[in-house]
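I opened the coordinates and kept notes as I went. These are the entries, in the order I looked things up.

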Amino acid sequence: MFVVFVLCARLTFSRVIRKRSTEEFSCIPYIVALSNCLLYTWYGLPVVSYRWENFPVVTINVLGIILELSFIFIYLWFAQTRGKIKAGVIAAIVILVFSITAIISAFVFHDHHHRKVFVGTVGLVASVAMYAAPLVVMKQVIMTKSVEFMPFYLSFFSFLASVLWLAYGLLSHDLLLASPNLVGLPLGILQLGLYCKYRKKGIMEAPSKWDLEQNSQEKSKQMQLVTNENINGKS
C-alpha cells in the first residue's frame with residue numbers, strides 16, 4: 001500500500017513533465033518522505049534490527065527511496081531557480097541528518113535494542129514530519145478554496161498507508177513503527193475532508209476553462225472565414 005501511495009505521486013509529476021513546470025506544487029512532502037524511507041531502511045537492516053526481523057520494512061522503503069529520488073530529480077529539473085535552491089537546501093539537511101543518525105547508531109551504540117530505540121525515535125520524528133508536510137498544501141487549499149494542487153489519490157492512499165502501517169506495528173509489537181501513524185491517520189482524514197469540501201469548486205472551474213478554449217477556437221475559425229471571404233472578394 002505504501003508503494004501505491006508513492007506511485008500516486010506519478011500522476012502529479014506526469015503533469016509537471018507535460019507542462020514543463022512545477023507550478024504551485026511543493027517539493028517538501030517528497031523530500032521529507034525520502035528522509036523517512038532512508039531512516040526506516042536503515043532501521044530494518046541487520047545493523048540496527050535483529051537479523052532480518054524487519055525485512056518487509058527494508059524492501060518497501062528501498063523502493064520508496066528510488067521513487068522519491070526520481071520525483072525530486074524531476075522537480076529540480078523543471079523548477080525555477082528559487083525552487084531548486086529551496087529543494088537543494090532541504091535535501092542536503094535530510095541527507096546530513098540521516099548520515100549522522102547512521103554513524104551514531106553504528107559506532108556509539110553496541111547492541112540492537114539501543115540502536116533500534118535511537119534510530120526508531122529519529123524515524124518517528126521523520127514520519128510525523130512526513131505526515132505533517134501536506135499541511136503546506138492544505139493551507140493553500142483553504143486559502144484558494146481549490147484542491148487543484150492536492151491530488152485525491154495521494155491523500156486517499158496516504159490515509160490507507162497510515163491504517164496499514166499502524167496495524168503492522170501493533171501486530172508486530174513494534175510501537176516505533178506504529179506510533180507515527182497515530183499522527184498520520186487523523187491528518188489523512190483531514191486531507192480527505194478538505195478534498196470533499198472544496199472539490200466541487202475544482203469541478204466547476206474545469207468546464208469554465210474548457211468553455212474559454214472552445215470560444216477561443218470558434219473565434220479563430222470565424223476570423224479565418226472572414227479573412228478567406230475578403231480574399232475571395234478581392235480576387
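Where does His 173 lie? I found His 173 in the loop between helix H8 (152–171) and helix H9 (175–178). I note that the model is a predicted one.

**Entry: backbone**

I checked phi for His 173 and got a value near 60°, positive although the residue is not glycine. I then looked up its accessibility: His 173 is exposed, at 74% relative accessible area.

Arg 51 also came up, with a positive phi of about 55°, and it is not a glycine. I placed Arg 51 in the loop between H3 and H4. Arg 51 is exposed, with a relative accessible area of 59%.

**Entry: salt bridge**

I counted one salt bridge. The side chains of Lys 116 and Glu 53 form it, at 3.2 Å from N to O. Lys 116 sits in helix H6 and Glu 53 in the loop between H3 and helix H4 (55–78), so the pair ties together parts 63 residues apart in sequence.

Are the two partners buried or exposed? Lys 116 is buried, at 18% relative accessible area. Glu 53 is partly exposed, at 40% relative accessibility.

**Entry: H3 against H6**

I took helix H3 (residues 28–44) and helix H6 (residues 112–132) next. Their axes are 9 Å apart, and the packing angle is about 160°. Angles over 145 degrees count as roughly antiparallel, and H3 and H6 are therefore roughly antiparallel to each other. The crossing of H3 past H6 is left-handed.

I listed the contacts. From H3 they include Val 32, Asn 36, Leu 39 and Tyr 43. From H6 they include Lys 116, Val 119, Gly 123 and Met 130. By class, I have 12 nonpolar, five polar and one charged residues in the contact of H3 with H6.

**Entry: H3 against H5**

I then turned to H3 and helix H5 (residues 81–107). Their axes come within 10 Å and cross at roughly 15°. Angles under 35 degrees count as roughly parallel, so H3 and H5 are roughly parallel to each other. I recorded a right-handed crossing for H3 and H5.

Which residues of H3 meet H5? They are Ile 28, Ile 31, Ser 35, Leu 38, Leu 39 and Trp 42. On the H5 side I noted, among them, Lys 86, Ile 90, Phe 98 and Ala 106. By class, the contact of H3 with H5 has 12 nonpolar, three polar and one charged residues.

Technical notes. Residues are numbered from 1 along each chain as its sequence is written. This is a predicted model: local features need pLDDT of at least 70, side-chain atom pairs count only at pLDDT 80 or more; totals for chains, interfaces and linings use all residues. Side-chain values use heavy atoms; hydrogens and water are left out. Axes are lines fitted to C-alpha atoms, for helices over the stretch in contact, and angles run from 0 to 180 degrees between N-to-C directions. Helices (H or I, at least four residues) and strands (E, at least two) are DSSP runs, numbered from the N terminus. Angles under 35 degrees count as roughly parallel, over 145 as roughly antiparallel, 65 to 115 as roughly perpendicular and the rest as oblique. A crossing is left-handed if the near helix is turned anticlockwise from the far one by less than a right angle, and right-handed if clockwise. Contact means heavy atoms within 4.5 Å. Ala, Val, Leu, Ile, Met, Phe, Trp, Tyr, Cys and Pro count as nonpolar, Asp, Glu, Lys and Arg as charged, and the others, Gly among them, as polar. A salt bridge is a side-chain nitrogen of Lys or Arg within 4 Å of a carboxyl oxygen of Asp or Glu. Buried means under 20% relative accessible area, exposed over 50%, partly exposed in between (1.4 Å probe, protein chains only).
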